[in-house]
Amino acid sequence: MADFSSLGLSDWLIKQCKQLGIQKATPVQENCVPAILQGRDCMGCAKTGSGKTAAFVLPVLQKLSEDPYGIFCLVLTPTRELAYQIAEQFRVLGKPLGLKDCIIVGGMDMVTQALELSNQPHVVVATPGRLADHIRSSSTFSLAKIQFLIMDEADRLLEQGCTDFTKDLETILTAVPAKRQTLLFSATLTDTLQELKHIAMNKPFFWESKSETRTVEELDQRYILTPEKVKDAYLVHLIQTFTDQHDDWSIIIFTSTCKDCQILTMMLQKFHFPTISLHSMMKQKQRFANLAKFKASVYKILIATDVAARGLDIPTVQVVINHNTPGLPKIYIHRVGRTARAGRNGVSITLVTQYDIHLVHSIEEQIQTKLKEFPVEEKEVLKILTQVNVTRRECEIRLESTDFDEKKEINKRKQLILEGKDPDLEAKRKAELEKIRSQKKKFKQKIQENIDKQKQKQLKKKLLKRKRTKKTAQDSA
Ligand SMILES: Nc1ncnc2c1ncn2[C@@H]1O[C@H](COP(=O)(O)OP(=O)(O)OP(=O)(O)O)[C@@H](O)[C@H]1O
């Protein structure tokens with residue numbers, strides 16, 4: 001690993017790094033920092049926990065110290081929690097500069113944010129949706145002079161997944177100057193390389209960590225093959241075992257839906273495990289509060305949806321459990337990357353049902369590593385199976401009696417409004433489509449019934465004919 005001084009960074013920044021325990025540059029820093037300092041666009045693809053954040057924060061701070069003004073740098077990131085984490089790195093490393101930063105994310109007060117933006121902060125860290133809202137509705141700030149546009153988790157920002165940032169990114173890209181430095185980082189850049197090259201137009205410097213595997217060596221990757229109904233019993237057993245065997249432990253459990261996240265949290269709390277949750281149906285303040293409590297080890301178990309899969313840097317996390325097998329290898333890579341960070345060891349355990357085996361195969365193919373089976377005393381799991389399943393059912397019933405599903409419906413309506421659609425019209429359109437679908441289904445059923453009737457009639461006729469011929473044959477005999 002190289003010294004920071006050989007990368008062209010100033011003494012005051014190197015001193016700041018040392019204070020944070022950062023002595024030598026990691027490969028992504030060693031390669032990307034000089035290119036950024038030279039004024040080049042940059043695309044950096046390196047494994048999870050390898051220090052990509054500092055690889056862009058350090059050169060930006062150096063350039064800012066040479067010519068300080070606001071707004072100098074805009075960082076886009078897919079989740080609100082990640083925005084706070086990145087802003088914190090800027091704040092800590094940029095302290096000697098008296099750095100002014102501003103965080104623009106959804107779920108927080110828009111007026112306060114507008115005021116902060118008009119105060120010309122040096123660095124704005126934002127999620128695309130809320131920043132685009134500010135651009136559309138306010139003229140009290142300008143991004144027209146920014147020097148740096150950074151997209152952290154750049155591939156996620158360009159993906160058209162459940163949260164589609166495309167429109168918001170278009171709005172943002174029209175507000176920033178064409179003459180700028182664009183920096184794109186992620187552990188999984190390669191899938192969206194072409195689209196990304198379009199954004200970083202000036203022959204970007206591209207750096208990818210050369211390695212056969214896409215996950216870190218320090219990560220012990222395991223799986224447990226289990227029927228769906230026994231999954232929760234395995235989960236409780238695993239946590240109990242970790243609690244018994246380790247004093248200092250901290251676990252993140254990933255689930256596929258907010259509802260599952262909520263139910264599992266309630267269930268583990270019933271078993272007296274110090275559990276807290278993080279998902280997109282929670283109020284933003286609650287999300288931040290829960291994450292802070294988990295980071296401070298007040299709660300040792302965080303149950304989360306993929307909102308926590310990318311970027312979160314919590315050094316105490318030793319274990320990641322995938323309660324569901326991720327459908328995409330990319331999601332797997334980011335989820336398990338929440339442990340074994342910055343050279344530490346970690347374990348990931350994926351609960352796999354017989355229907356998910358093909359998903360494990362494609363994950364193994366992508367990461368170029370075979371997952372190993374995690375040894376478990378099945379007898380012990382079966383002992384607690386009934387109790388666990390009864391507790392889960394109780395939690396499901398309790399959740400059904402709350403307005404959880406109703407809230408989900410309200411959130412869906414809010415999302416439609418934000419997308420510029422009329423929720424009532426959408427509901428009507430959906431109902432009409434449903435009506436057409438059901439009419440088609442009925443029509444098909446009717447045709448099938450008629451065909452069946454015809455067939456039966458023909459069969460009856462045949463049988464009757466056969467009977468008659470048989471009878472005539474008998475009579476004539
Ligand atoms: N040169 C360094 N030496 C030691 N630790 C470092 C160095 N650079 C960064 N770190 C630490 O490593 C940890 C992981 O860094 P960071 O969060 O930037 O990883 P990342 O590559 O962005 O991971 P992800 O892909 O999961 O977002 C942080 O706690 C950070 O402080």
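In this predicted model, the side chains of Arg287 and Glu81 are joined by a salt bridge with an N to O distance of 2.8 Å; the term stands for a side-chain nitrogen of Lys or Arg within 4 Å of a carboxyl oxygen of Asp or Glu. Five salt bridges are counted between domain 1 and domain 2. Eleven residue pairs across this interface, both at pLDDT 80 or more, are in polar contact (a pair of N or O atoms within 3.5 Å, where within protein one must be able to donate a hydrogen and the other to accept it, and residues adjacent in sequence count only if both atoms are side-chain atoms).

The two parts are domain 1 (4-208) and domain 2 (219-406), with bounds taken from an automatic or database domain assignment. Each domain brings 19 residues to the contact, defined by heavy atoms within 4.5 Å. Between the domains about 1700 Å² is buried, and carbon and sulfur atoms give 56% of that area; buried area here is the accessible area (1.4 Å probe) lost by two parts on being put together, summed over both. What does domain 1 lose the most area with? The residues are Thr48, Glu81 and Gln85, which together make up 35% of what that side buries.

Residues are numbered from 1 along each chain as its sequence is written, and side-chain values use heavy atoms, with hydrogens and water left out. As the model is predicted, local features need pLDDT of at least 70 and side-chain atom pairs count only at pLDDT 80 or more, while totals for chains, interfaces and linings use all residues.
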